[in-house]
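Subject: Structure for your files, with notes

Hello,

Here is the structure we talked about passing on. My notes follow below it.

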Amino acid sequence: MQVIQLMYPHHIHPDEVDGPYSLALGFFDGVHRGHQKVINAAKEVAQQTNTKLAVMTFDPHPSLVLGGRKEAVFYITPLQQKIEILEAIGVDTLFVVRFTSDFAKLSPEQFVQLFVRDLGVQHVTAGFDYTFGSRGCGNMDIMKQLCGEAISVQVVEKLEDGDDKVSSTRIRGLLKQGNMEEVQTLLGRPYQTPGVVVHGDKRGRQIGFPTANVQLPEGTYTPGNGVYVVKMKVQDEWYEGMCNIGYKPTFKNPDEKVLTIEVNIFDFERNIYGEEVVIDWYKRLRDEQKFNGIDALIAQLQADKQQCVEYFAQQV
């Protein structure tokens, strides 16, 4: 997949753009089933018209520019992970548009000229609620008017699951609750976070449950605190395990608020400090809790591990 970084004002080089394209438009945080519906609609047109499938996304999140937010934005799929997912879907070209104050001021007419026509787009697909141009004043009806007969436009209606639409906002709420099973239903895959194994306090190995302390990339949406059924990929191999997200209240001073993500990989004894890993999240087992002593903690960890083993046995 070709990844092309764009800014406004930008200069398109002929050797960069290799259309014509069937283009899917959206921010696509999470690349959930609703997003996949939009991208697959564009893919069908690409196949029918013998054009290339392109996706246009934006970085950073528009709210950082439009809303003047000072706090960090947490992504379901940070940009690099989004790129990997889109490549697996079969996207030919990904346009990553730098979302800046100047870009946000573009009129709908300017956006269509610069980021649709000038890129060699023959077909545009977006969700029913997609907006563009200054203050989001352009909608899909305006997109159709501006594209005219030269560029076809397709509007994809919302995808519902249960009584509500599949959305990034809904998924974030479920992640906060730790409802990983419903998150998996909405994403069409387990929630996944990349990370790096860093040094911890090594208490786990002292009680027979050695853990990998995983540091997630800045801006990654972390599930709510608790104990989870997980798998972790280490050096291209997947291992079953369990994970605790929290502040280790049995050992730590409650005033020392340092969040840790610790994965106990079953039947695994290698030293993996510094390794880049990936965690797949399957189910939340319980809240993090403070135990009266080491024996009570070990007994609970043994019970947690048994639940994880049974969970994976049922998936076969």
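I start with helix 1 (residues 33-49), where the 17 residues, at 1.5 Å a residue, should span 24 Å, and the end C-alpha atoms are 24 Å apart, which agrees. The expected span is 1.5 Å times one less than the number of residues. Helices (H or I, at least four residues) and strands (E, at least two) are DSSP runs, numbered from the N terminus.

Before going further, please note that this is a predicted model: local features need pLDDT of at least 70, side-chain atom pairs count only at pLDDT 80 or more, and totals for chains, interfaces and linings use all residues. Residues are numbered from 1 along each chain as its sequence is written, and side-chain values use heavy atoms, with hydrogens and water left out.

Helix 1 in detail

Which residues of helix 1 are buried? They are G34, H35, V38, I39, A41, A42, V45 and A46. Buried here means under 20% relative accessible area, exposed over 50%, and partly exposed in between (1.4 Å probe, protein chains only). Seen down the axis, the buried residues of helix 1 fall within an arc of 150°, so they line one face of the helix. The arc is that of the directions from the helix axis to the C-beta atoms. Q47 and Q48, on the other side of helix 1, are exposed. The buried residues pack against strand 2, strand 3, helix 3 (79-89), strand 5, strand 6 (152-156) and helix 7 (168-177); contact means heavy atoms within 4.5 Å. After helix 1 comes N50, with a positive phi near 55°.

The whole chain

The protein chain has 10 helices and 14 strands. Its C-alpha trace spans about 70 × 45 × 40 Å along the principal axes. Of its 316 residues, 46% count as buried. Among contacts between residues at least 6 apart in sequence, 73% join residues at least 24 apart.

Nonpolar cores

A nonpolar core is a set of buried Ala, Val, Leu, Ile, Met, Phe, Trp, Tyr and Cys residues joined through side-chain atoms within 4.5 Å. The largest one has 33 residues, and L25, M56, F95, F111 and M143 have the most contacts inside it. Elements giving two or more residues to this core include strand 1 (2-6), strand 2 (21-25), strand 4 (93-98), helix 5 (108-115) and helix 6 (140-147). Leaving aside neighbours within four places in sequence, M143 touches L25, F111, V112, V124, F132 and V153. Another core, of 30 residues, lies apart from the largest one, and I76, V166, Y228 and Y239 are among its members.

Helices 5 and 6

In helix 5, the buried residues are P108, F111, V112 and F115. They cover an arc of only 100° around the axis, which puts them on the same side of helix 5. They pack against strand 1, strand 2, strand 3, strand 4, helix 4 and helix 6.

M140, M143 and C147 are buried in helix 6. Their arc around the axis is only 45°, which puts them on the same side of helix 6. D141 and Q145 are exposed on the other side of helix 6. The buried residues of helix 6 are covered by elements including strand 2, helix 5, strand 5 and strand 6.

Aromatic rings

Rings of Phe, Tyr and Trp (its six-membered ring) pair if their centres lie within 6.5 Å; planes under 30 degrees apart count as stacked, over 60 as edge-to-face and the rest as tilted. By this rule there are 15 aromatic pairs. In one of them, the ring centres of F58 and F103 are 5.8 Å apart and the planes are at 40°, so the pair is tilted. This pair links distant parts of the chain: F58 is in strand 3 (residues 52-59) and F103 in helix 4 (residues 101-104), 45 residues apart. F58 is buried at a relative accessible area of 6%, and F103 is buried at 7%.

Y282 and F312 form an edge-to-face pair, 5.7 Å centre to centre with 80° between the planes. Y282 lies in strand 14 (residues 276-286) and F312 in helix 10 (residues 294-315), 30 residues apart. Y282 counts as buried at 12% relative accessibility, and F312 is buried at 6%.

Ring pairs also link F58, F99, F103, F111, F115, Y130 and F132 into a cluster.

Regards
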